[in-house]
Amino acid sequence: MIFLNLVKESFLFALHALRVNRLRTFLSLLGITIGIFAIILVFTLVDGMERDVTTSIQSLGDNVIYVQKWPWTFGENYPWWKYMSRPLPTYDEMESLKDRVENFKAIALGANTGGQLIKYKNKTIEDGSMFMVSHDYDKIRAFDLQQGRYFTQIESDGGRNVCLIGYSIKQNLFENYEAVGKEISVKGRKLTVVGVFNKEGKSMLDNGFDELILVPINYGRKVIDINSDRVDPFIMAKGVDGFTNEQLKEELRGAMRSIRRLRPVQEDDFALNESKLIANNITGIFDILQIVEWIIGGLSILVGGFGIANILFVSVKERTNLIGIQKSLGAKNFFILLQFLFEAVLLCLIGGIIGIFLVYLLSLALEGAVPFPLSLTVSNIVLGLTVSANIGIIAGFLPAYTASQLDPVEAIRS
Amino acid sequence: MNKALITLPKPLKIFAIIGLIMVIISIPSIFSPFIKKLGTFYPLLFGSMVSLRFMALIGVWYMKKWGPILFLIVFLVFEITSIMVGISREIELPLSTILCLVFLTYVPRMDDNL
């Protein structure tokens, strides 16, 4: 009980000292505030980006291999002229892969084209995207439908003029009215809406379905030339459960080489991409960003810590005779030590809390301005408070201990 | 023990300075991305260990018995938690062990008070 009273009393003393010198308190906690703000802001940004990338990979399918003309990542001095002359994946190659690859769940062909004029009655979207896919696409990419259904096999194979539309397109053209069964016009051609996607939002790796129209690839082949670099067709393959991406890649590589009749000495004339490739690249950027900010924030905190130590030494000097009186009245060394230590820790904690609060305000202000969700996590708050408290202890212990060791007679005389 | 007789021996001074440098180097680690990845509350634990180690070194510097004892306790707790989370401390472990042993040999000559 006596111990608790001592702690409480030294805490109140520390609080009083901070209140008396408001301007000094404010100025000395600035360094810590800036340091904590810098560190926690970067951690919040990086956490947000990492969460976004993880979600994107999950939605794209972390076990999907993309057979394309271009690789997603390049090494140093990549021979771009070699990639330029590569052939594009075709519908027939997709069909042949289905015959030659054994361990796949689904294989589909996709191609994307932008700049589509989409109309419904008097409403128009000028720069819509049309994504053309073969029938098994729904087994590769997970999605939810708000209304309607996916294409039937007959619609896909026959290239019927049907489509699924994204949430934003539905809202722009139909607002809150029923869209399924209605006819829209895409570049002057009529398409019947058979389904509407749920709202998905955008992420760093995937633009989602909100702003596109999904049509059967056999319909797309009728209206545009899909064997062109402009639409960049690609084959998507998903392996059976328990089959690794590496194993699937090997099977696809063998099958594609035999389809394209490549001799053993010839290099692959196609790229096998997976979402992990981009994720690894982005993670590498995050790591560099974290280290840079770690150094900047660390320096700021170091300067702040020295500031706190300096202020505490001044404080001890100012209150030396008060310490002497307290000691002569029976105050223990421990009590004096705690007084100054609490003062330092409180200063740093207030600085840290202000820094964290500023990050919170900034994350609210940036909502919508950055392409990924920003939120201050518990682990970042704990980290901010931990760093603040520790800087307070480290910066304040030496002045506090020096004060506790003062001789009462000498201290009163000063 | 007479307070005037307790002065900081030179070898102890050197080792205390080495210890303080080690603590200063490990301060930025509290908020390093690597430590953060080890868990939500690991930076809290790691930070507490760094601060307590700093306090222990101040105790050693002032020739107080609680200094080496606190250093030993922190060293043991740090080692146990490092093993538990799977961190290897090839450079720090032998250095900390030497510091611990040196500090403990001077304990009989140190002051009992705070």
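The model is predicted: local features need pLDDT of at least 70, side-chain atom pairs count only at pLDDT 80 or more, and totals for chains, interfaces and linings use all residues. Residues are numbered from 1 along each chain as its sequence is written, chains are lettered from A in the order in which they are written, and side-chain values use heavy atoms, with hydrogens and water left out.

Start where the chains meet. In chain A, 28 residues are in contact with 25 residues of chain B; contact means heavy atoms within 4.5 Å. Together the chains bury about 2,400 Å², 77% of it on carbon and sulfur atoms. Buried area is the accessible area (1.4 Å probe) that two parts lose on being put together, summed over both. A:Trp294, A:Ile394 and A:Tyr401 supply 27% of the area that chain A buries against chain B, more than any other three residues.

The side chains of A:Asp47 and B:Lys36 form a salt bridge, at 3.1 Å from N to O.

The largest nonpolar core has 69 residues, and A:Ile40, A:Ile308, A:Phe340, A:Val387, A:Phe397 and B:Leu12 touch the most other members. Such a core is a set of buried Ala, Val, Leu, Ile, Met, Phe, Trp, Tyr and Cys residues joined through side-chain atoms within 4.5 Å. Buried means under 20% relative accessible area, exposed over 50%, partly exposed in between (1.4 Å probe, protein chains only). A second, separate core of 42 residues includes A:Leu248 and A:Phe270.

Over all chains, the count comes to 21 salt bridges. A:Lys105 pairs with A:Asp241, with the closest N and O atoms 3.1 Å apart. A:Lys105 lies in strand 2 and A:Asp241 in the loop between strand 9 and helix 8 of chain A, so the pair ties together parts 136 residues apart in sequence. Helices (H or I, at least four residues) and strands (E, at least two) are DSSP runs, numbered from the N terminus. A:Lys105 is partly exposed at 41%, and A:Asp241 is exposed at 63%.

A:Asp136 and A:Lys139 form a salt bridge at 2.9 Å, N to O. A:Asp136 is buried, at 16% relative accessible area, whereas A:Lys139 is partly exposed at 40%.

Technical notes. Salt bridge = Lys/Arg side-chain N within 4 Å of Asp/Glu carboxyl O.
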